[in-house]
Amino acid sequence: MTPKKYIEKNSVIVEQCKLGDRKAQYKLYKLYAKAMLNTCMRFVKQQDEAEDVLQEAFVDAFTKIDSFRMEASFGLWLKQIVVNKSINYLRSKKLDLVDIEDHKHHIVDEGEFFYEDDDKEYKIESINLAMPLLPDGYRTVLNMYLFEGFDHEEIAEFLGISESTSRTQYMRAKKKLLQIMSNGQA
């Protein structure tokens with residue numbers, strides 16, 4: 001059985017963009033800007049900084065659009081650029097990730113982060129309010145693992161840290177987030 005080929009739903013607009021059509025670029029921007037800004041905001045605390053990162057990501061995307069081969073969705077391809085730009089932005093601000101390879105920390109289990117609760121909407125709102133209160137390093141690893149779907153090996157490679165540092169940052173981020181939420185700071 002041959003694998004199915006992905007069919008890009010916006011292939012016509014993408015092809016127009018590859019030809020340099022500014023109106024097509026604007027259409028793609030309008031289609032994806034809000035979702036990609038949300039991705040930026042999960043990494044970058046300030047709205048204006050997130051908007052700057054987003055603009056740079058779109059410039060990169062349109063500059064490199066010839067490399068998009070439509071093997072996956074344009075949104076996924078663009079999201080990778082947005083995540084890369086967000087992380088590079090944080091790196092430029094000297095993202096505070098501490099390599100704990102030399103420390104004696106033992107991670108037992110990543111366990112479940114979210115608890116079952118009837119009041120899920122309240123929890124989501126609390127999490128959204130608490131996330132910006134996390135230190136950049138914690139927030140970045142938590143976002144990449146929990147929301148962007150990266151595994152710890154990928155996060156480690158991406159951020160230039162060890163896998164154990166990624167796991168520890170994730171565990172500490174969960175603990176800190178729960179602490180912020182339980183203290184009513186969010």
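## Burial and cysteines

Buried means under 20% relative accessible area, exposed over 50%, and partly exposed in between, using a 1.4 Å probe and protein chains only. C17 is buried at 3% relative accessible area. C40 is buried too, at 0%. A search of the whole structure finds 0 disulfides, a disulfide being a pair of cysteine sulfur atoms within 2.5 Å.

This is a predicted model: local features need pLDDT of at least 70, side-chain atom pairs count only at pLDDT 80 or more, and totals for chains, interfaces and linings use all residues. Residues are numbered from 1 along each chain as its sequence is written, and side-chain values use heavy atoms, with hydrogens and water left out.

## Nonpolar core

The largest nonpolar core has 49 residues. Such a core is a set of buried Ala, Val, Leu, Ile, Met, Phe, Trp, Tyr and Cys residues joined through side-chain atoms within 4.5 Å. L28, L54, F74, L78 and L177 have the most contacts inside this core. At least two core residues come from each of helix 1 (11-18), helix 2 (22-43), helix 3 (47-63), helix 4 (74-92), helix 5 (120-130), helix 6 (136-147), helix 7 and helix 8. Helix 4 gives the most, with 9 residues. Helices here are DSSP runs (H or I, at least four residues), numbered from the N terminus.

V59 lies in helix 3. V59 counts as exposed, at 53% relative accessibility. Its C-alpha atom is separated by 10.0 Å from that of Q25, 34 residues away along the chain.

## Aromatic pairs

The structure holds 7 aromatic pairs. Rings of Phe, Tyr and Trp (its six-membered ring) pair if their centres lie within 6.5 Å; planes under 30 degrees apart count as stacked, over 60 as edge-to-face and the rest as tilted. F68 and F74 form an edge-to-face pair, 5.5 Å centre to centre with 85° between the planes. Y32, F68, F74 and W77 form one aromatic cluster.

## Helix 8 and its ends

S162 sits in the loop between helix 7 (152-159) and helix 8 (163-182). S162 is buried, at 17% relative accessible area. Its side chain joins that of T165 in a polar contact of 2.8 Å. A polar contact is a pair of N or O atoms within 3.5 Å; within protein, one must be able to donate a hydrogen and the other to accept it, and residues adjacent in sequence count only if both atoms are side-chain atoms.

Helix 8 has 20 residues and should span 28 Å at 1.5 Å a residue; its end C-alpha atoms are 29 Å apart, which agrees. The expected span is 1.5 Å times one less than the number of residues. Buried residues of helix 8 include T165, Y170, K174 and L177. G184 follows helix 8, with a positive phi near 75°.

## Salt bridges

The count comes to 6 salt bridges, each a side-chain nitrogen of Lys or Arg within 4 Å of a carboxyl oxygen of Asp or Glu. E163 and R167 meet in one of them, at 3.8 Å, N to O. These residues are 4 apart in helix 8, so about one helical turn separates them. E163 is partly exposed at 35%, as is R167 at 31%.

D136 and R139 form a salt bridge at 2.7 Å, N to O. Both lie in helix 6, 3 residues apart. D136 is partly exposed at 22%, whereas R139 is buried at 2%. R42, K79 and E148 are linked in a network of salt bridges.
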